[in-house]
Amino acid sequence: MQRPNPFQWLWYAVGGRLPERLAPWVLHDVTARTWVWRHAARGIVVLAPIAAACLALPGPLGLRLAMVLLVAIVGVYFSLSYVDESCELRAVKHGYEHGIARVTRDARNEKAEEEARARYAAQFRAEPTERTSR
């Protein structure tokens, strides 16, 4: 699988479309085990110039730092609020069907989720052997 170069990745991070030969990497990017962290990194790339502009404004340093903190908190919050939809749209933009990212992630996690359900059922859904009476 071919990876984008740094300039292509920056373009991709701000919402640009990569060449078709990089489409498998895009699917990997939005379905990897670290897909949420990757999305957060892309969001930080978008927010960094805004935060830098806040630092460049005139005014007390405390106010400028508070503005940077506000940009970071609000920007990351909204970015992570729509992480599923954003990753799906990235996959669609690169030629995949809508829903493929979620299906791919679910298929990868299916065995671990089944084991967790079995442990839960064994611990909390098992019939009690003897009843306690009041």
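The largest pocket is lined by Ala13, His39, Arg42, Gly43, Val46, Leu47, Gly75, Phe78, Ser79, Tyr82, Ser86 and Arg90. A word on the source: this is a predicted model, where local features need pLDDT of at least 70, side-chain atom pairs count only at pLDDT 80 or more, and totals for chains, interfaces and linings use all residues. Residues are numbered from 1 along each chain as its sequence is written, and side-chain values use heavy atoms, with hydrogens and water left out.

By pocket I mean, on a 1 Å grid over the protein atoms alone, an open set of points where a 1.4 Å probe fits, with protein on both sides within 12 Å along at least five of seven lines; lining residues have an atom within 4 Å of a point. The space in the largest pocket is about 160 Å³, a volume being the space filled by probe spheres set on the grid points, which are joined across faces, edges and corners.

Which helix gives the most to this lining? That is α3, with five residues. Helices here are DSSP runs (H or I, at least four residues), numbered from the N terminus. At least two lining residues come from each of α3 (35-56), α4 (61-81) and α5 (83-93).

Now the surface. Leu69, Leu70, Ile73, Val74, Tyr77, Phe78 and Tyr82 make a nonpolar patch of about 760 Å². Such a patch takes residues with over 30% relative accessible area and no salt bridge, their nonpolar side chains (Val, Leu, Ile, Met, Phe, Trp, Tyr) joined within 5 Å; areas come from the Shrake-Rupley method with a 1.4 Å probe, and for residues only the protein chains shown count as cover. Tyr77, in helix α4, is exposed because its relative accessibility is 56%; exposed means over 50%, buried under 20%, and partly exposed in between.

Last, the salt bridges (a side-chain nitrogen of Lys or Arg within 4 Å of a carboxyl oxygen of Asp or Glu). The whole structure has five. In one of them, Arg105 pairs with Asp84, the closest N and O atoms being 3.4 Å apart. This pair links distant parts of the chain, with Arg105 in helix α6 (residues 100-124) and Asp84 in helix α5, 21 residues apart. Is Arg105 buried or exposed? Arg105 has 4% relative accessibility, so it counts as buried, while Asp84 is partly exposed at 27%.

Another salt bridge joins Asp29 and Arg38, at 2.9 Å from N to O. Asp29 is buried, at 2%, and Arg38 is partly exposed, at 22%.

Conventions:
Patch = residues over 30% accessible without salt bridge, like charges linked within 9 Å, V, L, I, M, F, W, Y side chains within 5 Å. Buried < 20%, exposed > 50% of the residue type's maximum accessible area, 1.4 Å probe, protein only.
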